[in-house]
Amino acid sequence: MTRALVAVGVVVLTLLTLVGCDQDPIIITPRALDHSGRVEFICVDSTRYQTGNPLVPYESCVATPEFPVPDNFVLHALVTQETRGEVAAIDLQQNIVLDSQRVVPGFTFEPVGEIPSAIVVPKVDPTFTFVSNFGQLSIWARATRRFLPEERRGGDLGSIPDTYQVRFDSPVSDLILSPDETMLYATLAEDGVVVEIPLIPWDPDVRESPFGDEMCSACTWISLTNVIPAANAAEPRADHCLSCPVEGCDELIDPFPAGPFGGQLPFPPRDPPTSVGTTPRPLRLTLDEESELLLIADERLPLVHVLDLSTAGGATLLEPLNMGVPVQQVVVTPAVPSTPTGTLATDRFLYGIDGIDRSVIAADYDVDVTTRQPRVAVIPVNVRADQPADRLFLGPGARVLEVVRTSHYIVDDGSLEVQNPACSTREVASQTLRGVFLSVASNNGRVYMIDVFDMDAPCRLGSVDVCDEDNPGVVRRHRIRVDTASVGGVKTTATPAFIISGGSTVIVEDDGTTAAEPSPRVIPFESTADNECPGTVFQGKLAPSGDDTAALVCGLRDPWSVVPESWLATWEGEIPGTVGGRGRFSRDGTDIVFDAEVPFCSRGVLGGNNVASLGASEPEAGYPGDLLVITSEVPERAAGDPLGPCCAVVFGGEEALVQLIDPTIEHAFQDHLIIRSPRVDVGTVLPFECDEPTVPTDLFDLLIACYDELVTYKVHTRSSYSVGGSVTGFPHRVVPGEIDGSCTVDTMADPLSQGRAFNGALYDNGLVSFTLASAVGVNYPSRGDDLVFSFVVGDTPIGLIRTAGTLLEDLQYSPADETLYSVDIGGGRGLGGFTMDPFELAQSFE
Amino acid sequence: MSGRIPSIVGPLGGTVAATIAGLCLATLSGLCLATVAGCSLNNPGNDPPPGELNFPLATQMSPPANASAAPGYLYVANSDFDLRFNAGSVSSYDLAALAGKLDDARAAGELPTDASEPPLVVPAADVLRSQVKIGSYTSAMVLSEAGDRLYLSVRSDANLTYIDVNDGVLSCGNGGAFAWCADSFRSGDEATANPRRLEIPKNPTGLAVGRVSALGLADEGDYVVMSHAGGQASLFIDRSAPATGGGRPTAPLLVDVLDDLGGPIGQISTRIDESGIAWMPTTDARSDRADNFLSRVGVAADLNRPELSYLYNAGTARLEGISTGEDTRDIAFATASDGTNFAFILSRTPEALILVDMDQSTPSRLFVRDLVSVGYGPSRLKKVYLPAGPAGEPRLFIFITCFDSRDVFVVDPLSSQTFTISRTLSGPFELEVDEARGYMYVTDFRASVIWVVDLAPLIECLGGTSEGRSCEPFRIASIGTPQPVRDLL
């Protein structure tokens, strides 16, 4: 019995123990990479991991049609670890992060100083890896073999070079090697100079520093200019576009300005250019390998400095390029055909990141073969009325650029003929990248692909032979590559509707009327000349079905300029951003002044006087002024105060102030308003509660007396709809005057930037247009009516955009494995690798 | 039978059930007695030992008497996070005395010369000027512009505690060397104390202080905006001017509570911009109301009746164009030399300093110009101007404490570059920079010390005189002996 009990007990305990054990224990894998910054690549011969020198020229890992890469040539990535001051090595064949000291717990990499800001490895002789040591004001030359684990460093470890450095007085921001790899160039942003460092080839017998000495005695300090040359206008050219349906490209707007008799005009540069300082601040370096030019982005001046690296004895400073704004980084493309079906590579482009708004700049780029002076002209790529035409806006800001040139794109040096133009027609062709593309890492951790020359485009787009009506698509140079497009293109994704008092929604019928009573109306566009979609800016109709019925709303259909958003037109609605809490009434002579903290001009507020002197052709001319709406309750007053009953009656009701005195803004300033009442009979409506000797008889004096403390408020449009997009906001062209802050209409700005829609008149803001009208035979809507017209613009194409992490610091295309590598400094993925066919994240290292 | 222990005759003649029952009863009785004896409802707990740092969280530095003078005192709030004692505390440390000790140690070769050498331990009592007890769980501490009054948000009391300061001596109602602050110095927790019968919401977090004159009032006092983790904001008006000889005649008055900021909850800190709007970074990413918003609150002063001044919701500001932005911790504002107005927002998702160009932002959407990656667990930031270049022109830096990666990042925000990193700080949370002496004082929440970090390497780098040495500021001393806490490692 006892034995049985013991046995049972043992069984029970065993079961309990087993139940208590988790069959899926949590395995914690320590993170290997930490704050990865920049990446470089080396090629390693795995047969020499234990003997000899395993490093081989990078080209050994690059396959050609004649010579595939043997398995023993292994591509490795070297990734800087910014906070740890190390460089990690990653075997890209076995997909493993290499621990350089396995006897130390966790991943250990080779130290390279403090805050490595750049890394370069010579392609031909990778003996040394050069790392700029930002935190110690130096550049280190560290033997590349040291970044490999000991068991991969080869034989004769004693022959591995020592670590050498060269010191400066300020931090080094970026590094790059000359095409022949005999010179190293470094930017000293603080000093506004570029340093040219001659490199001494490694001689194992001499074992001399590649820098010569630590003080950089052989270096040349190249001071950069702050003189800004004249900028160039971009010459007109045919649009580089192919689409399905074929006519899709014809619907797109030409961003080049049109001439008075049709055709294109040159696109002028920004004038004057914008600077954020007076001295140069060189940042990132880019090598134009085709022309042997070094391009230096300046984050303070609107310049790209240029060094000619082809001259003997050192670089020659050429005239800088005027970009119009400071730039964070520039890259250049190889020569590509000017048309999608062309085969002659003639056109080159320069892309840059605008240092102020982080948009992408596209520019024509060419180099004079005689003088070697490059030339740029910024190209218009945008047709939104509320954005500059010469910028490609991604949404989030751009951080890093990299040109992708896949191995398929081969150009004959002599004839400039593009070789092997055969193309792919597979289903996922929009995700297949063969040719030349721009990749952009953005602030939200994503990688955007931009079309430059898609070798596959003619096989899937632009011809009735290849187009499938159920599979639309479009390729256009300098635009985000379209992954998926909707049939019918951009359109309203729901039938336009009115939201009337009480919140009920009524659909607008095809004839523009509704079932509501009274019925607000939309005047449909027709094909007649006097009521058609505004053709100069708008293309097509945003009819919900995309069919030929009369459109209630017209709008921009350029897939790269339209953002999906909802639009609301609210009768006498609030102007966004005008809600405030520190308004105060006072009197200045005959003026009723309302001081407040909201920057009224910047929000688009207008008074009647602000537009009084405008020419009749200006859209704002004749506007009587916006409405000031007080949202505070009238302050309570002490018992016995004769003002109390009067204030409560006059101003105590809901929005009573508006209803009684109709406080129209006579003149708006950036920090205050002058109020005027258009009603002349208000003095007769004061109730008997105000019949006290001490109570003001003038209504505005009464207002000031009753509201003798700060009030909350907002501003509404008057006798018009306040129109706003959920992304675009309230369009306007009101700016504060420089002298007295008086709100002024900037007549040089696009006249389509309007946020007020008037009954019976065409509303056209450059993005959408419609005409709202009163109900037939009824004064509706009028003051106090609650009415909103709404519609949604959608079905915009989905771009070829992929998430690569949270905060990308670098993009590098590796021709050896045809992979675009992204470096995520913000945690997450560390190093990610994107394949080109299809474009997707195929590997990541953490 | 069911429900009862079966009667089985045992070897000693009684029943097993009776034996078990008796044992249970005896055990239960013993446990009860022991429990009752162990409880002492009148036990006030242990007083914190004078001079001892216990989870220091917030710090402030007294303003220098003039532009060329050095600050006199460092104020540190101990949160008593582990509730080891019956109170938190606020201490003031004599910075001149500390500097003297460091100079002596340097002359004696006892100070470390680089980051690899151990720091000098300065006993806290040696530089302690004054100390008072407050409630536990301090969330934030700010100092009036005049430097005469400290305001603290204390979560255990759910109040605004205030302490008068006079030449480094702290006083809050009770005399004595290490006295408790009197009840009257904990305002805002009594509904009858204010004309609107307001009750301060729970979980006070951030604080920001401004001069009431900036609101248009004729007084010389302060106003304090307090954020709460539940999505509320409170306003205190402290109208009185500093009295001669220290102290003020009045207490701060709770004048308004904004119950719902209308956006996300989890407000963690509060900072006032130049226009007087209080910005409140938000951290409660678990909340279904969390999003990439920052709350904004305006202060409206009633000139005739300041006690009727109020807060208003100035709208939420959305961070767009970044990966998430749902967990922000701190914010600062600055204007660049070209006139561009920036906000610098410290984010944990991603872990970065976010540069917002206010001139390109709209009322509701913030324009993110750039992000600078920082260490893990970024907690607080400090705007600091350091001399740079041969002429020593002041240059803006943002110092960022990174609690999880145990370092302080020094970021040059206008060039989007981490300039250097001060490492080996166990649990940095808040910091002050003593530009006159070239030191940084960092509260270490994990080790319960204040680190003294030498900024000389950084300043030499900026001045071009570093001669190739590291720019990394390194700790040279600690106020107090480090007491690492395993649970927080």
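Student: Which side chains meet in a salt bridge?

Tutor: This is a predicted model. In it, A:Arg358 and B:Asp370 form a salt bridge through their side chains, with N to O at 2.8 Å. Across the interface of chain A and chain B, the rule finds three salt bridges.

Student: How many residue pairs are in polar contact between chain A and chain B?

Tutor: The count is 22 residue pairs, with both residues at pLDDT 80 or more.

Student: Which strands of chain A supply at least two residues each to the side that touches chain B?

Tutor: Strand S37 (580-588) and strand S42 (711-716) do. S37(A) gives the largest share, four residues. By class, that side of chain A has 19 charged, 14 polar and 13 nonpolar residues.

Student: How is the size of an interface given?

Tutor: Often as the accessible area that is lost when the parts come together. Here, about 3800 Å² is buried between chain A and chain B, and carbon and sulfur atoms give 46% of that area. In terms of residues, 46 of chain A are in contact with 53 of chain B.

Student: Now the helix. Which residues of helix H4 of chain A are buried?

Tutor: The general idea is that an α-helix has 3.6 residues a turn, so residues three or four places apart point the same way. In H4 of chain A (residues 643-651), the buried residues are A:Leu643, A:Cys646, A:Cys647, A:Val650 and A:Phe651.

Student: Why do the buried residues of H4(A) line one face of the helix?

Tutor: Because, seen down the axis of H4(A), they fall within an arc of 95°.

Terms used:
Residues are numbered from 1 along each chain as its sequence is written. Chains are lettered from A and ligands numbered from 1 in the order in which they are written. This is a predicted model: local features need pLDDT of at least 70, side-chain atom pairs count only at pLDDT 80 or more; totals for chains, interfaces and linings use all residues. Side-chain values use heavy atoms; hydrogens and water are left out. Contact means heavy atoms within 4.5 Å. Buried area is the accessible area (1.4 Å probe) that two parts lose on being put together, summed over both. A salt bridge is a side-chain nitrogen of Lys or Arg within 4 Å of a carboxyl oxygen of Asp or Glu. A polar contact is a pair of N or O atoms within 3.5 Å; within protein, one must be able to donate a hydrogen and the other to accept it, and residues adjacent in sequence count only if both atoms are side-chain atoms. Ala, Val, Leu, Ile, Met, Phe, Trp, Tyr, Cys and Pro count as nonpolar, Asp, Glu, Lys and Arg as charged, and the others, Gly among them, as polar. Buried means under 20% relative accessible area, exposed over 50%, partly exposed in between (1.4 Å probe, protein chains only). The arc is that of the directions from the helix axis to the C-beta atoms.
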